Amino acid sequence: MARTVLTFGTFDVFHVGHLRVIERAALQGDRLVVGVSSDALNLSKKGREPVFSQAERLAIVAALKPVDEVFVEESLELKRHYIEQYAADVLVMGDDWAGRFDEFEDICEVVYLPRTPAISTTALIEKISDLA
Ligand code: C2G
């Protein structure tokens with residue numbers, strides 16, 4: 001039986017930290033499904049519009065070699081629903097979310113991977129603004 005891995009993220013201003021977590025998530029199984037957070041979810045969570053729209057962020061993530069399927073994550077509260085919908089065997093998240101999804105251990109494995117140090121969308125936006 002193929003082992004399905006599910007991960008989530010905004011993946012705005014896509015950078016190597018995003019790539020590394022997706023590559024490592026894929027190694028946890030045979031099929032990688034990625035939930036990309038919607039523009040509305042991003043606005044409510046972070047108080048600002050993402051730089052790239054959800055359609056652009058979805059297109060970038062879908063084009064990556066380790067990614068088999070993408071969908072729009074509409075709400076943080078729907079994790080259990082998405083795990084069931086995609087029949088995920090493993091939920092993978094960066095360790096900035098450590099402990100936050102342990103409640104799903106009744107239906108799948110939950111793995112937190114270390115973040116890639118010293119890179120973030122926020123830091124990139126600041127760096128690019130300084131160059132402008
Ligand atoms: N990440 C990483 N290293 C970085 C930056 C990000 O490993 N230097 C990982 C995060 O831990 C996360 C993924 O990349 O697993 C996506 O990061 P974000 O786009 O910041 O995602 P976030 O806004 O946390 O959205 O349902 C949860 C949300 O959709 C997650």
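Residues are numbered from 1 along each chain as its sequence is written, and side-chain values rest on heavy atoms, with hydrogens and water left out. Because the model is predicted, local features require a pLDDT of at least 70 and side-chain atom pairs count only at pLDDT 80 or more, whereas totals for chains, interfaces and linings use all residues.

The shell around the ligand comprises 21 residues, of which Glu-73, Lys-79, Asp-96, Thr-116 and Ile-119 come nearest; a residue is near a molecule if one of its heavy atoms lies within 4 Å of it. By class, the shell divides into seven nonpolar, eight polar and six charged residues, where Ala, Val, Leu, Ile, Met, Phe, Trp, Tyr, Cys and Pro count as nonpolar, Asp, Glu, Lys and Arg as charged, and the others, Gly among them, as polar. At least two shell residues each are supplied by strand E1 (4-9), helix H1 (16-26), helix H2 (39-46) and strand E4 (90-94), and the largest share, three residues, comes from H1. Helices (H or I, at least four residues) and strands (E, at least two) are DSSP runs numbered from the N terminus.

Oxygen atoms of the ligand lie 2.8 Å from a polar side-chain atom of Thr-10, 2.8 Å from a side-chain N or O atom of Lys-46 and 3.0 Å from a polar side-chain atom of Trp-97. Taken alone, the ligand exposes 630 Å², and the protein buries 95% of that area (Shrake-Rupley method, 1.4 Å probe).

Eight salt bridges are present in the structure, each defined as a side-chain nitrogen of Lys or Arg within 4 Å of a carboxyl oxygen of Asp or Glu. In one of them, the side chains of Arg-20 and Glu-23 meet with an N to O distance of 3.0 Å; both residues belong to helix H1, three residues apart, which is about one turn of the helix.

Most residues other than glycine have a negative phi. Ala-87, however, has a positive phi near 50° and is found in the loop between helix H4 (79-85) and E4. Ala-118, with a positive phi near 65°, is placed in the loop between strand E5 (109-113) and helix H5 (121-131).

Definitions and conventions
Polar contact = N/O pair within 3.5 Å; in protein donor to acceptor, adjacent residues only side chain to side chain.
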